[in-house]
Amino acid sequence: MDRLARRIGKRISEYRHARGMTSEKLAYENDLSKGYLSDIENGKKLPSLKVLEKIAKALKVDIRDLF
């Protein structure tokens with residue numbers, strides 16, 4: 001699971017940077033703490049599918065693109 005968490009976190013971070021979005025804005029738009037989003041992006045936490053769906057929507061990507 002650690003490998004999956006790191007891969008998903010890296011993809012979220014890549015998409016967020018590509019869109020010029022700050023972690024604060026992405027966290028705020030998804031009702032997440034900045035610390036929790038940071039843990040996701042650094043592969044320390046594996047978010048639920050519901051959270052991934054919300055993040056994907058905010059990043060304007062399909063949830064499959066995060067895997």
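What radius of gyration would a compact globule with 67 residues have, and what does the protein have? Here are some points to guide a first look.

1. **What you are looking at.** This is a predicted model, in which local features need pLDDT of at least 70 and side-chain atom pairs count only at pLDDT 80 or more, while totals for chains, interfaces and linings use all residues. Residues are numbered from 1 along each chain as its sequence is written, and side-chain values use heavy atoms, with hydrogens and water left out.

2. **Overall size.** To answer the opening question: a compact globule with 67 residues would have a radius of gyration near 11 Å, and the protein has 10 Å, which agrees. The radius is taken over C-alpha atoms, and the globule rule is 2.2 Å times the number of residues to the power 0.38. Along the principal axes, the C-alpha trace spans about 25 × 25 × 20 Å.

3. **The elements.** You will find four helices and zero strands, in the order α-α-α-α from the N terminus on. Helices (H or I, at least four residues) and strands (E, at least two) are DSSP runs, numbered from the N terminus.

4. Of the 67 residues, 39% count as buried. Buried means under 20% relative accessible area, exposed over 50%, and partly exposed in between (1.4 Å probe, protein chains only). The protein exposes about 4,500 Å², and carbon and sulfur atoms supply 49% of that area; the areas come from the Shrake-Rupley method with a 1.4 Å probe, and for residues only the protein chains shown count as cover.

5. **Contacts along the chain.** Take the contacts (heavy atoms within 4.5 Å) between residues at least 6 apart in sequence: 58% of them join residues at least 24 apart. Tyr15 gives you a place to look. Tyr15 sits in helix H1 and is buried, with a relative accessible area of 17%. Leaving aside neighbours within four places in sequence, Tyr15 is in contact with Leu59, Val61, Asp65 and Leu66. Tyr15 and Asp65 are 50 residues apart along the chain, yet their C-alpha atoms are separated by 9.4 Å.

6. Side chains of opposite charge can pair when their charged atoms come close. A salt bridge here is a side-chain nitrogen of Lys or Arg within 4 Å of a carboxyl oxygen of Asp or Glu, and the count comes to six.
Glu41 pairs with Arg16, with the closest N and O atoms 2.7 Å apart. Glu41 lies in helix H3 (residues 34-41) and Arg16 in helix H1, so this pair ties together parts that are 25 residues apart in sequence. Glu41 is buried at 14% relative accessibility, and Arg16 is buried at 7%.
Lys34 pairs with Glu24, the closest N and O atoms being 3.0 Å apart. Since Lys34 lies in helix H3 and Glu24 in helix H2 (residues 23-29), the pair ties together parts ten residues apart in sequence. Lys34 is partly exposed at 45%, as is Glu24 at 41%. Elsewhere, salt bridges that share partners join Lys10, Arg11 and Glu14 into one network.

7. In the salt bridge between Lys10 and Glu14, the closest N and O atoms are 4.0 Å apart. Both residues lie in helix H1 (residues 2-18), four residues apart, about one turn of the helix. Lys10 is exposed, with a relative accessible area of 51%, whereas Glu14 is partly exposed at 36%.
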